[in-house]
Amino acid sequence: MSAGPRRGRRAALLVLVPACAGCLATRDDLRVLQADIAVVRAEQAKVDSARARQVGDVLAAVRASQDSLRALGTRVARWQGDQKEDLYAIQQQLITIQELTGLSQRRLLELRANLEERAQEPGAPAVPSPSGGGVAPPAGGGAAAPTVGAIPSVAPPGAPGPNQLLQLALDQLRRGSAGSARAGFQDLVTQYPSSDVAPLAQFYVAESYAQEGKGASADSVYRLVVARYPTSEKAATALYKHGLHLQASGRKPEARAVFADVVKRFPRSDEAVLAGARLKDAP
Amino acid sequence: MATVALSAASAAPAASAAAQTPPAGVRIGLTYEAGVRPGVFVLPIRAAAGDSIRAIVQRDLDFGDRLTVIGGDGPAAAGPAGRPAQLNYALHAALGAAALVELVPSPRGWRLTLHDVARKQAIDTREVALPAPAFGEGWRQAVHRMSDDIEEVLTGTRGAAATRVLFVRGRRIWRVDSDGANAQPVSEAGALSPAWHPSGTRFAFSQFGEAGTRIMVQEWGGVARPLPGTGRGLHITPAFSPDGRTIVWAAGEGNGTDLVARDEGESGARPVTVGRGADNVSPTFSPDGRRVAFTSGRSGHPEVYIADADGTNAELLTSFSFGDRAYRSNPSWSPDGRAVAYQSQLEGRFQVMTIALRDRATKQLTSDGENEDPSWAPDGRHLVFVSTRGGRRDLWVLDAESGRSRQLTSGGDARMPAWGPRQ
């Protein structure tokens with residue numbers, strides 16, 4: 001081989017090696033590179049695991065909060081249930097008390113009637129009427145409002161007292177003698193207009209008409225009860241009955257107005273519930 | 001009160017009759033002695049199915065508790081045409097009969113003649129048709145109606161033989177004749193609380209379904225149809241008003257149940273009671289339809305209340321004392337409007353009682369076994385109720401005046417009877 005070509009190849013190699021130095025890495029370079037990559041990966045994993053821990057912590061905290069909230073919700077629901085139960089029990093007790101009060105009132109009326117009856121027996125001392133029955137009606141035809149606890153007065157000897165009259169008339173009404181009962185109730189209202197049972201008697205005058213099927217007469221007396229005794233225990237019933245009469249007569253707008261009046265004036269009464277249902281049924 | 005067209009005095013001792021010499025002249029009037037059951041003799045019937053007709057009439061008159069039925073064939077001798085040749089009034093009077101019932105075949109069916117033994121003459125004659133086939137349901141009802149006719153003529157008060165009773169057995173509604181015959185189921189399963197329509201042509205009941213209980217109305221021979229608006233929640237214990245145009249029942253979805261009413265032609269139901277969480281069930285109308293009696297727990301435990309049918313004037317009817325644990329329920333308003341029957345706990349057992357509307361006086365009608373769920377017959381004298389006195393829960397009928405009782409059903413498991421109107 002000649003020296004000329006050998007020199008040419010060596011020169012070419014010398015030229016190529018520096019030219020390729022940037023492209024061809026050595027094994028060391030690769031190792032360094034791999035180490036660098038491993039470091040980066042390790043750091044990344046470290047960061048990821050920290051983040052995962054954080055996420056886990058957050059999730060655990062959320063779960064704990066949820067548990068707390070759930071427990072709190074359960075406690076609140078239980079408390080609400082207890083309260084509701086207590087309220088229901090209280091409501092039932094109130095209703096029971098109301099019923100017993102009503103029963104006691106009826107028995108009291110009977111007792112008063114018995115007392116008045118005994119007072120009229122010969123030789124018995126005069127018993128003051130606890131219901132404040134006056135002997136003489138006031139001027140103006142007995143349109144006075146009821147006065148609970150009014151000045152006690154004495155029924156004239158031999159004459160039945162207001163409670164006695166009420167009981168007698170109620171007995172007649174229960175027996176079906178509406179006319180006789182009405183006469184008794186009217187006597188009571190006339191003779192004892194300031195008695196606390198006068199509103200009741202006036203109401204039962206209307207009931208006696210209703211028992212006879214005289215709707216218009218009954219309605220006029222129901223209106224009288226509302227007008228004369230607007231705070232009496234039967235005022236709500238009388239007003240509601242007036243509304244029913246209007247409804248049955250085909251005067252529906254007027255009936256609606258009366259039912260609305262019942263709801264407005266006597267919101268806690270049973271009649272308010274009944275009237276409310278009538279308003280819903282016939283919008 | 002209507003009177004008896006009989007002279008029961010004919011059987012009175014002669015000495016007594018002599019002591020009370022009637023004044024001279026003509027006296028027009030009828031004699032009735034309260035508590036006295038005049039004797040009646042049903043003459044043997046010489047015709048096809050005659051023995052059965054006679055047996056049914058005798059039994060009906062006996063069950064009516066207003067007449068004493070004299071048994072046996074009596075002294076009558078049959079004539080050639082099946083009719084007694086000559087009625088021996090004196091001999092029947094000696095047997096204690098104040099009236100004779102005579103039935104003979106006629107071209108239009110049967111001729112029913114009632115005789116006054118004391119006056120020795122017929123007092124009523126009428127033609128009666130009995131639908132074919134003999135012994136069928138319609139035929140039996142026609143014989144029962146004839147018995148009621150007889151009782152009406154003789155006592156002035158129509159009997160309740162031609163009536164039926166609905167009751168619950170095995171979660172189905174059953175129907176039985178007033179004499180205990182023809183007991184048969186008339187509804188599908190899951191039915192409770194039967195109630196008659198006053199026309200007797202249909203009945204209502206509550207039926208259990210997947211969404212709750214609903215009110216069904218069923219015509220005889222037809223299918224049961226749900227009452228609109230009773231698809232969800234609890235709907236039980238229906239009752240028709242006496243004019244049949246309103247149905248009232250107990251409805252509830254949450255706390256408590258309230259009575260609601262639905263008028264014919266109306267789409268919705270309106271409240272009748274305002275229970276405010278209490279249970280209000282088992283309504284029963286007064287005969288004039290103006291009032292309703294029902295069971296309510298508003299006083300702490302069940303008691304019987306009455307209220308106007310529009311919901312007003314609610315008041316406690318039965319006696320109640322604070323601390324009293326016994327309760328009263330299931331009212332039934334008597335057809336004469338004077339009393340309400342109900343069940344009351346006495347020493348832990350239910351007994352049937354009545355309370356007078358006039359003075360609130362109570363009367364205990366039963367004491368043997370457990371007795372509950374009373375329902376009045378249309379004659380206003382008899383009650384049907386559930387009793388365990390025979391060892392099982394069966395229906396019994398009680399005469400509220402005499403206290404006499406008889407068993408209506410057998411087989412046990414009978415509940416919730418409802419005595420229907422006259423057919």
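How many residues of chain A are in contact with chain B, and how many residues of chain B take part? In this predicted model, 22 residues of chain A are in contact with 20 residues of chain B.

**Where the chains touch**

Let us begin on the chain A side of that contact. Four helices of chain A each supply at least two residues to the side that touches chain B: helix H2 (27–119), helix H3 (162–175), helix H7 (235–248) and helix H9 (270–281). H2(A) gives the largest share, with 8 residues. If you sort the residues on this side of chain A by class, you will find 9 nonpolar, 4 polar and 9 charged.

**Helices packing inside chain A**

The table puts the two pairs side by side.

| Helix pair | Axes come within | Crossing angle |
|---|---|---|
| H4 (residues 178–191) and H5 of chain A | 9 Å | roughly 160° |
| H5 (residues 198–211) and H6 (residues 215–228) of chain A | 7 Å | roughly 165° |

Take H4(A) and H5(A) to start with. Their axes cross at roughly 160°, and that makes H4(A) roughly antiparallel to H5(A). The crossing of H4(A) and H5(A) is left-handed. On the H4(A) side, the contact is made by Ala178(A), Ala181(A), Arg182(A), Phe185(A), Gln186(A), Leu188(A) and Val189(A). H5(A) answers with Ala198(A), Ala201(A), Gln202(A), Tyr204(A), Val205(A), Ser208(A) and Gln211(A). By class, the residues of the contact of H4(A) with H5(A) are 9 nonpolar, 4 polar and 1 charged.

Now for H5(A) and H6(A). The axes of these helices cross at roughly 165°, which makes H5(A) roughly antiparallel to H6(A). Here, too, the crossing is left-handed. From H5(A), the contact draws on Pro199(A), Gln202(A), Phe203(A), Val205(A), Ala206(A), Tyr209(A) and Ala210(A). From H6(A) come Gly215(A), Ser217(A), Ala218(A), Val221(A), Tyr222(A), Leu224(A), Val225(A) and Arg228(A). The contact of H5(A) with H6(A) contains 11 nonpolar, 3 polar and 1 charged residues.

**Domains of the two chains**

How far apart do the C-alpha centres of the domains of chain A lie? The domain assignment of chain A gives domain 1 (37–96) and domain 2 (234–283), and the C-alpha centres of these two domains lie 51 Å apart.

Chain B is divided into domain 1 (31–74 + 89–155) and domain 2 (164–419). The C-alpha centres of these domains of chain B lie 34 Å apart. The contact between them takes 6 residues from domain 1 of chain B and 9 residues from domain 2 of chain B. On the domain 1 side, helix H2 (50–64) and helix H4 (137–155) of chain B each supply at least two residues. H2(B) provides the largest share of that side, 3 residues. What classes of residue does domain 1 of chain B bring to this contact? They divide into 1 nonpolar, no polar and 5 charged.

**Two sheets in chain B**

Chain B has an open sheet of 4 strands in the order S13-S14-S15-S16, with antiparallel pairing. Strand S13 (234–240) and strand S16 (270–271) of chain B stand at the edges, each with a single partner strand, so one side of each is left without a neighbour in the sheet. S13(B) is joined to strand S14 (residues 246–252) of chain B by 5 bridges. As an example to look for on screen, Phe240(B) has Ile247(B) of S14(B) as its bridge partner.

Another open sheet of 4 strands in chain B has the order S25-S26-S27-S28, again antiparallel. Its edge strands are strand S25 (371–376) and strand S28 (405–407) of chain B, each pairing on one side only. Direction ignored, neighbouring strands of this sheet are turned by 25° against each other on average. Strand S26 (residues 382–387) and strand S27 (residues 394–399) of chain B pair over 6 bridges, and Val384(B) has Val397(B) of S27(B) as its bridge partner.

**Backbone details in chain B loops**

Two spots in the backbone are worth a look. Ala132(B) and Pro133(B) are joined by a cis peptide bond, with omega about 0°. Pro133(B) is found in the loop between strand S5 (121–128) and H4 of chain B. Arg171(B), a residue other than glycine, has a positive phi near 65°. Arg171(B) lies in the loop between strand S6 (164–169) and strand S7 (172–177) of chain B.

Conventions: Residues numbered from 1 in each chain as written. Chains lettered and ligands numbered in written order. Predicted model: local features only at pLDDT ≥ 70, side-chain atom pairs only at ≥ 80, totals over all residues. Axes fitted to C-alpha atoms, helices over the stretch in contact; angles between N-to-C directions. Parallel < 35°, antiparallel > 145°, perpendicular 65-115°, else oblique. Left-handed = near helix turned anticlockwise from the far one by under 90°. Contact = placed C-beta atoms within 7 Å. Nonpolar A, V, L, I, M, F, W, Y, C, P; charged D, E, K, R; others polar. Domains from an automatic or database assignment. Pairing = 2+ DSSP bridges.
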